[in-house]
Amino acid sequence: MKHLIPLLLLATPALAEEPVIENVDIAKTGTDTYRFSVTISHPDTGWDHYADGWRVLDMEGNELGMRVLHHPHVDEQPFTRSLSGVTIPAGTTRVQIQARDLPAGWNEGTTTVTLPTE
């Protein structure tokens, strides 16, 4: 039995699922500002394991804006949350969206989206 516990601890990360970005809606709200509405699905189980944020990155990986999610969405899946006032440098045509969960942190992958021109 005591040999089983270390094996269970090694298996735990494999059971955790990353948050999945299902959709991104973008609205241009000013000359260089945008509102991002991101739909995420994640098997939130409570305060110890839930999607706790997403961010907008330029194509080099620099953070342009971040939306913190302050509570689990156990009974609301998928869910959409917005972030307004994100300033995007002039001439930028594409950005990346990256999701995060507690306790694993930022997803390795990102979702690339094209910015609207109007």
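Predicted model: local features only at pLDDT ≥ 70, side-chain atom pairs only at ≥ 80, totals over all residues.

Residues are numbered from 1 along each chain as its sequence is written, and side-chain values use heavy atoms, with hydrogens and water left out.

**Fold.** I found 1 helix and 8 strands (DSSP runs: helices H or I, at least four residues; strands E, at least two; numbered from the N terminus). The order along the sequence is α-β-β-β-β-β-β-β-β.

**Burial.** I looked up the buried share: 37% of the 118 residues (buried is under 20% relative accessible area, exposed over 50%, partly exposed in between; 1.4 Å probe, protein chains only).

**Hairpin.** I checked S1 (residues 20–28) against S2 (residues 33–41). They pair antiparallel over 8 bridges (pairing takes at least two DSSP bridges). A hairpin of 4 residues links S1 to S2. Val-24 has Val-38 in S2 as its bridge partner.

**Rings.** My search of the whole structure gave 2 aromatic pairs (Phe, Tyr and Trp rings, the six-membered one for Trp, with centres within 6.5 Å; planes under 30 degrees apart are stacked, over 60 edge-to-face, the rest tilted). Tyr-34 and Phe-36 are tilted, at 6.4 Å between centres and 45° between planes. Both Tyr-34 and Phe-36 are buried. Trp-47 and Tyr-50 are edge-to-face, at 5.8 Å and 80°. Is each of these two buried or exposed? Trp-47 is exposed at 57% relative accessibility, while Tyr-50 is buried at 8%.
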